[in-house]
Amino acid sequence: MRTATIERNTNETEIFVELNLDGTGQYDISTGIGFLDHMIEQFSRHSLIDLTLKIKGDLHVDQHHTTEDSAIALGQAISQALGEKAGIVRYGSTYSPMDETLTRTALDISGRPWLVWKAEFTQERLGEMDTELFKHWFHSVADAAGITLHIELLYGENNHHIAESIFKGFARAMRLAVERDPRKGDAIPSTKGQLGG
């Protein structure tokens with residue numbers, strides 16, 4: 001079973017994450033930020049990764065620590081569940097349309113974290129969530145999971161649609177990349193014999 005459990009407690013947040021890469025998209029999400037919950041639920045549903053993610057954070061300060069730490073813990077859980085990454089497809093890319101919006105996502109479970117982000121929002125908040133934190137969330141996931149991640153908004157007007165399109169695109173790309181390739185067996189998908197570095 002490609003599963004992971006992460007408990008991460010700091011002075012800023014208390015986090016519990018449980019994850020199954022070979023799930024059906026079942027989720028139980030509670031971050032204290034309604035819109036972030038909605039986006040992480042979309043990630044779970046469309047990646048088919050079962051995910052429990054519970055956070056108690058210092059939201060009386062602001063949303064930064066809760067948002068960042070949710071992404072770090074999720075990335076750590078993905079990395080732990082993948083182990084040595086034997087037999088995975090490794091790469092995933094998607095176009096994600098949502099009404100007038102279209103985003104493109106490409107990722108490589110490379111062990112070399114990187115984020116290219118080409119997306120802007122015209123609102124400061126969606127619900128109660130600061131839109132500037134979306135880029136930071138994806139940067140933190142990429143770092144903790146060890147993935148090279150490219151996200152590009154091709155076009156779009158509605159800020160909710162833009163955010164949802166990005167999260168769904170990321171989910172679908174992850175679903176492709178973490179799948180086991182029956183032609184690879186347990187081979188590491190790299191000519192180096194290992195991923196990272």
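Some ground rules. Residues are numbered from 1 along each chain as its sequence is written, and side-chain values use heavy atoms, with hydrogens and water left out. As the model is predicted, local features need pLDDT of at least 70 and side-chain atom pairs count only at pLDDT 80 or more, while totals for chains, interfaces and linings use all residues.

A word on names. Helices (H or I, at least four residues) and strands (E, at least two) are DSSP runs, numbered from the N terminus. Two strands pair if DSSP finds at least two bridges between them. In general, strands of a sheet pair through backbone hydrogen bonds, either parallel or antiparallel.

Let's take the sheet that holds β1. What is the order of its four strands? The order is β1-β2-β4-β3, the sheet is open, and the pairing is mixed. At the edges sit β1, residues 3–9, and β3, residues 27–30, and each pairs on one side only. The twist averages 5° from one strand to the next. That angle is taken between axes, which are lines fitted to C-alpha atoms, for helices over the stretch in contact; angles run from 0 to 180 degrees between N-to-C directions.

Look at the pairs now. β1 and β2 are antiparallel, joined by seven bridges. They form a hairpin, with three residues between them. Then go on from β2 (residues 13–20) to β4 (residues 50–57). Eight bridges join these two strands, again antiparallel. Here L19 has L51 of β4 as its bridge partner.

Helix α1 lies across β3 and β4, at about 160° to β3. "Across" rests on contact, meaning heavy atoms within 4.5 Å. α1 covers residues 34–47, which is 14 residues. From first C-alpha to last it reaches 20 Å, close to the 20 Å expected at 1.5 Å a residue. The expected span is 1.5 Å times one less than the number of residues.

Which residues of α1 are buried? They are F35, L36, D37, M39, I40, Q42, F43, S44 and S47. Buried means under 20% relative accessible area, with exposed over 50% and partly exposed in between, using a 1.4 Å probe and protein chains only. Keep one general point in mind: an α-helix has 3.6 residues a turn, so residues three or four places apart point the same way. After α1 comes L48, with a positive phi near 65°.

Next, the sheet that holds β5. This one is open too, with four strands in the order β5-β6-β10-β7 and mixed pairing. Its edge strands are β5 (91–98) and β7 (114–118), each pairing on one side only. Neighbouring strands are turned by 10° against each other on average, direction ignored. β5 runs antiparallel to β6 (residues 101–108), with eight bridges between them. One place to check is Y95, whose bridge partner in β6 is R104.

α3, residues 133–145, lies across β7 and β10 at about 155° to β7. α3 has 13 residues and reaches 18 Å, close to the 18 Å expected. Its buried residues are L133, F134, W137, F138, S140, V141, A142 and A145. G146 follows α3, and its phi is positive, near 75°. The other helix, α4, lies across β5, β6, β7 and β10, at about 150° to β5.

Now, where do α1 and α4 come together? Their axes come within 8 Å and cross at roughly 35°. From α1, the contact uses F35, H38, M39, Q42, F43, H46 and S47. From α4, the contact residues include H160, A163, F167 and F170. Overall the contact residues divide into eight nonpolar, five polar and four charged. Ala, Val, Leu, Ile, Met, Phe, Trp, Tyr, Cys and Pro count as nonpolar, Asp, Glu, Lys and Arg as charged, and the others, Gly among them, as polar.

Last stop: the loop between α2 (64–82) and β5, where K85 sits. K85 has a positive phi of about 70° although it is not a glycine. K85 is buried, at 10% relative accessible area. R90 lies in the loop between α2 and β5 as well. R90 has a positive phi of about 85°, and it is not a glycine either. R90 is buried, at 8%.
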